[in-house]
Amino acid sequence: MAAKKAGLEKVPVIIKKFDSRDETIEYEYKMQLNSRRLTDAEYFAAFLKLDEIRRSNPNAQGASDEAIGRQLNKSARQICKMREIAKKADASLLEKIQNGSVSINKAHEIIKAAEARKKARVIEEVPDGKSSNTGKGINSDSFKLGVLFVLSELEKGRKKGQILKDKRIAKLELGELNLSEEDVARISQRFGIA
(Lines give C-alpha, C1' and ligand atoms only; values in the text may rest on other atoms or scores of the structure.)
Protein backbone atom coordinates (compact mmCIF):
# COMPACT_ATOMS: atom_id res chain seq x y z
CA MET A 1 0.00 0.00 0.00
CA ALA A 2 2.81 2.39 0.85
CA ALA A 3 4.56 1.56 -2.44
CA LYS A 4 1.34 2.20 -4.40
CA LYS A 5 0.81 5.54 -2.65
CA ALA A 6 4.41 6.47 -3.46
CA GLY A 7 3.81 5.57 -7.10
CA LEU A 8 6.19 2.61 -7.12
CA GLU A 9 5.28 -0.22 -9.43
CA LYS A 10 8.04 -2.61 -8.29
CA VAL A 11 9.53 -3.23 -4.85
CA PRO A 12 12.39 -5.54 -3.88
CA VAL A 13 11.29 -8.71 -2.10
CA ILE A 14 13.34 -11.42 -0.45
CA ILE A 15 11.75 -14.85 -0.32
CA LYS A 16 13.27 -17.08 2.32
CA LYS A 17 12.56 -20.77 2.85
CA PHE A 18 13.08 -22.56 6.16
CA ASP A 19 13.55 -26.21 6.97
CA SER A 20 11.48 -26.03 10.15
CA ARG A 21 9.00 -23.90 12.05
CA ASP A 22 11.66 -23.32 14.75
CA GLU A 23 14.06 -21.83 12.19
CA THR A 24 11.25 -19.56 11.01
CA ILE A 25 10.58 -18.35 14.57
CA GLU A 26 14.28 -17.75 15.25
CA TYR A 27 14.57 -15.73 12.04
CA GLU A 28 11.44 -13.76 12.91
CA TYR A 29 12.84 -12.79 16.33
CA LYS A 30 16.11 -11.76 14.74
CA MET A 31 14.30 -9.54 12.24
CA GLN A 32 12.17 -8.00 15.00
CA LEU A 33 15.29 -7.16 17.00
CA ASN A 34 16.85 -5.47 14.00
CA SER A 35 13.75 -3.44 13.19
CA ARG A 36 12.76 -1.98 16.56
CA ARG A 37 13.53 -1.75 20.23
CA LEU A 38 11.75 -4.45 22.21
CA THR A 39 10.36 -4.04 25.72
CA ASP A 40 11.59 -6.24 28.56
CA ALA A 41 8.32 -8.18 28.30
CA GLU A 42 8.99 -8.86 24.61
CA TYR A 43 12.62 -9.86 25.30
CA PHE A 44 11.47 -12.20 28.06
CA ALA A 45 8.80 -13.80 25.81
CA ALA A 46 11.41 -14.18 23.04
CA PHE A 47 13.84 -15.76 25.52
CA LEU A 48 11.22 -18.27 26.65
CA LYS A 49 10.41 -19.28 23.07
CA LEU A 50 14.04 -19.46 21.91
CA ASP A 51 15.01 -21.42 25.03
CA GLU A 52 12.21 -23.88 24.38
CA ILE A 53 13.39 -24.29 20.78
CA ARG A 54 17.02 -24.81 21.86
CA ARG A 55 16.07 -27.39 24.49
CA SER A 56 13.99 -29.34 21.96
CA ASN A 57 16.76 -29.28 19.33
CA PRO A 58 19.38 -32.00 19.91
CA ASN A 59 21.63 -30.38 17.27
CA ALA A 60 21.78 -26.95 18.96
CA GLN A 61 25.34 -25.64 18.93
CA GLY A 62 27.12 -23.84 21.79
CA ALA A 63 26.08 -22.85 25.27
CA SER A 64 22.41 -21.94 25.27
CA ASP A 65 22.79 -18.68 27.25
CA GLU A 66 25.46 -17.43 24.88
CA ALA A 67 23.60 -18.57 21.76
CA ILE A 68 20.30 -17.05 22.86
CA GLY A 69 22.18 -13.92 23.95
CA ARG A 70 23.58 -13.54 20.43
CA GLN A 71 20.12 -13.95 18.96
CA LEU A 72 18.56 -11.37 21.29
CA ASN A 73 21.55 -9.00 21.32
CA LYS A 74 21.79 -9.47 25.11
CA SER A 75 24.68 -10.55 27.30
CA ALA A 76 24.88 -14.13 28.56
CA ARG A 77 24.48 -12.67 32.07
CA GLN A 78 21.17 -11.05 31.13
CA ILE A 79 20.00 -14.34 29.60
CA CYS A 80 21.07 -16.12 32.80
CA LYS A 81 18.88 -13.67 34.77
CA MET A 82 15.94 -14.42 32.48
CA ARG A 83 16.49 -18.15 32.94
CA GLU A 84 16.53 -17.75 36.72
CA ILE A 85 13.35 -15.66 36.58
CA ALA A 86 11.65 -18.28 34.42
CA LYS A 87 12.53 -20.98 36.98
CA LYS A 88 11.86 -19.10 40.22
CA ALA A 89 9.28 -16.36 39.61
CA ASP A 90 5.73 -16.85 40.78
CA ALA A 91 2.73 -16.17 38.53
CA SER A 92 2.28 -12.66 39.92
CA LEU A 93 5.85 -11.61 39.11
CA LEU A 94 5.67 -13.16 35.65
CA GLU A 95 2.47 -11.21 35.00
CA LYS A 96 4.18 -7.98 36.06
CA ILE A 97 6.99 -8.64 33.60
CA GLN A 98 4.48 -9.38 30.84
CA ASN A 99 2.49 -6.20 31.44
CA GLY A 100 5.65 -4.10 31.64
CA SER A 101 5.30 -2.95 35.25
CA VAL A 102 8.52 -4.74 36.30
CA SER A 103 11.79 -4.89 34.33
CA ILE A 104 13.89 -8.03 34.00
CA ASN A 105 16.56 -6.58 36.30
CA LYS A 106 13.97 -5.59 38.93
CA ALA A 107 12.35 -9.03 38.77
CA HIS A 108 15.75 -10.63 39.31
CA GLU A 109 16.39 -8.33 42.31
CA ILE A 110 12.98 -9.29 43.78
CA ILE A 111 13.80 -13.00 43.46
CA LYS A 112 17.26 -12.55 45.04
CA ALA A 113 15.79 -10.50 47.92
CA ALA A 114 13.15 -13.19 48.58
CA GLU A 115 15.87 -15.87 48.62
CA ALA A 116 17.95 -13.81 51.07
CA ARG A 117 14.93 -13.36 53.38
CA LYS A 118 14.21 -17.10 53.21
CA LYS A 119 17.83 -17.93 54.01
CA ALA A 120 17.79 -15.49 56.95
CA ARG A 121 14.63 -17.15 58.33
CA VAL A 122 16.27 -20.59 58.08
CA ILE A 123 19.32 -19.32 59.97
CA GLU A 124 17.12 -17.82 62.70
CA GLU A 125 15.22 -21.09 63.09
CA VAL A 126 18.30 -23.14 64.04
CA PRO A 127 17.61 -24.38 67.63
CA ASP A 128 19.34 -23.12 70.80
CA GLY A 129 20.42 -19.84 69.23
CA LYS A 130 23.33 -21.64 67.61
CA SER A 131 22.63 -20.12 64.22
CA SER A 132 25.09 -20.77 61.48
CA ASN A 133 25.22 -19.38 57.99
CA THR A 134 28.52 -21.02 57.14
CA GLY A 135 27.66 -24.65 57.70
CA LYS A 136 30.89 -24.93 59.70
CA GLY A 137 29.40 -24.74 63.19
CA ILE A 138 30.11 -21.07 63.82
CA ASN A 139 27.41 -19.81 66.13
CA SER A 140 26.85 -16.29 67.39
CA ASP A 141 28.91 -16.84 70.57
CA SER A 142 31.87 -18.17 68.58
CA PHE A 143 31.59 -15.25 66.19
CA LYS A 144 31.57 -12.69 69.02
CA LEU A 145 34.51 -14.44 70.64
CA GLY A 146 36.42 -14.38 67.36
CA VAL A 147 35.73 -10.67 66.93
CA LEU A 148 36.95 -9.92 70.45
CA PHE A 149 40.07 -12.00 69.84
CA VAL A 150 40.87 -10.15 66.60
CA LEU A 151 40.22 -6.77 68.20
CA SER A 152 42.43 -7.59 71.18
CA GLU A 153 45.22 -8.72 68.84
CA LEU A 154 44.88 -5.52 66.79
CA GLU A 155 45.04 -3.54 70.04
CA LYS A 156 48.33 -5.30 70.80
CA GLY A 157 49.69 -4.04 67.48
CA ARG A 158 49.55 -7.28 65.51
CA LYS A 159 48.97 -7.06 61.77
CA LYS A 160 46.07 -8.68 59.89
CA GLY A 161 48.31 -11.31 58.26
CA GLN A 162 49.76 -12.33 61.63
CA ILE A 163 46.29 -12.69 63.16
CA LEU A 164 44.97 -14.78 60.27
CA LYS A 165 47.92 -17.18 60.57
CA ASP A 166 47.37 -17.57 64.33
CA LYS A 167 46.27 -21.19 64.88
CA ARG A 168 44.48 -20.29 68.12
CA ILE A 169 41.70 -18.54 66.20
CA ALA A 170 40.49 -21.83 64.67
CA LYS A 171 39.88 -23.49 68.04
CA LEU A 172 39.41 -20.55 70.32
CA GLU A 173 37.82 -21.16 73.70
CA LEU A 174 36.47 -18.55 76.08
CA GLY A 175 39.08 -19.33 78.75
CA GLU A 176 41.93 -18.66 76.30
CA LEU A 177 40.90 -15.08 75.65
CA ASN A 178 41.43 -13.92 79.25
CA LEU A 179 40.10 -10.41 78.75
CA SER A 180 39.30 -8.38 81.82
CA GLU A 181 36.21 -6.20 81.83
CA GLU A 182 38.59 -3.24 81.61
CA ASP A 183 40.19 -4.71 78.45
CA VAL A 184 36.78 -5.34 76.90
CA ALA A 185 35.68 -1.76 77.70
CA ARG A 186 38.93 -0.34 76.27
CA ILE A 187 38.61 -2.40 73.06
CA SER A 188 34.94 -1.50 72.72
CA GLN A 189 35.70 2.20 73.15
CA ARG A 190 38.71 2.11 70.80
CA PHE A 191 36.85 0.36 68.00
CA GLY A 192 33.45 1.96 68.62
CA ILE A 193 31.46 -1.20 69.29
CA ALA A 194 28.85 -1.89 71.95
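Colleague: Which residues of helix 4 are buried?

Modeller: In this predicted model, helix 4 spans residues 64-72, and its buried residues are Asp65, Ala67, Ile68, Gly69 and Leu72. The word applies because each has under 20% relative accessible area. For the protein chain of 194 residues, 23% count as buried.

Colleague: What follows helix 4, and what is its phi?

Modeller: Helix 4 is followed by Asn73. Its phi is near 55°, a positive value in a residue other than glycine. Asn73 belongs to the loop between helix 4 and helix 5 (76-88).

Colleague: Is Asn73 buried or exposed, and how do you know that?

Modeller: The relative accessible area of Asn73 is 54%. Exposed means over 50%, so Asn73 is exposed.

Colleague: How many helices and strands does the protein chain have?

Modeller: The protein chain has eleven helices and zero strands. Along the sequence, the pattern is accordingly written α-α-α-α-α-α-α-α-α-α-α.

Colleague: Which residues make the nonpolar surface patch?

Modeller: Leu8, Val11, Val13 and Ile15 make this patch, with an area of about 430 Å². One of them, Val11, is found in the loop between helix 1 (2-5) and helix 2 (21-35).

Colleague: What makes Val11 partly exposed?

Modeller: Val11 has a relative accessible area of 47%. That value lies between the limits of 20% for buried and 50% for exposed, so Val11 is partly exposed.

Colleague: How do you know that Glu52 and Lys49 meet in a salt bridge?

Modeller: The N to O distance between their side chains is 3.7 Å. A salt bridge requires a side-chain nitrogen of Lys or Arg within 4 Å of a carboxyl oxygen of Asp or Glu, so the pair of Glu52 and Lys49 qualifies. The two residues are three residues apart in helix 3, separated by about one helical turn. Glu52, at 43% relative accessibility, counts as partly exposed, and Lys49, at 24%, also counts as partly exposed. A search of the whole structure finds eight salt bridges.

Colleague: Which parts does the salt bridge of Glu84 with Lys112 tie together?

Modeller: The closest N and O atoms of Glu84 and Lys112 are 2.7 Å apart. Glu84 lies in helix 5 and Lys112 in helix 7 (residues 104-124), so the pair ties together parts that are 28 residues apart in sequence.

Colleague: Why does Glu84 count as buried, whereas Lys112 counts as partly exposed?

Modeller: Glu84 has 13% relative accessibility, and the limit for buried is under 20%, so Glu84 counts as buried. Lys112 has 36% relative accessibility and therefore counts as partly exposed.

Colleague: What is the separation of Glu115 and Lys112 in helix 7?

Modeller: Glu115 and Lys112 are three residues apart, about one helical turn. Their side chains meet in a salt bridge (3.4 Å, N to O). Salt bridges that share partners join Glu84, Lys88, Lys112 and Glu115 into one network.

Technical notes. Residues are numbered from 1 along each chain as its sequence is written. This is a predicted model: local features need pLDDT of at least 70, side-chain atom pairs count only at pLDDT 80 or more; totals for chains, interfaces and linings use all residues. Side-chain values use heavy atoms; hydrogens and water are left out. Buried means under 20% relative accessible area, exposed over 50%, partly exposed in between (1.4 Å probe, protein chains only). Helices (H or I, at least four residues) and strands (E, at least two) are DSSP runs, numbered from the N terminus. Patches are made of residues with over 30% relative accessible area and no salt bridge: like charges are joined within 9 Å, nonpolar side chains (Val, Leu, Ile, Met, Phe, Trp, Tyr) within 5 Å. Accessible areas come from the Shrake-Rupley method with a 1.4 Å probe; for residues, only the protein chains shown count as cover.
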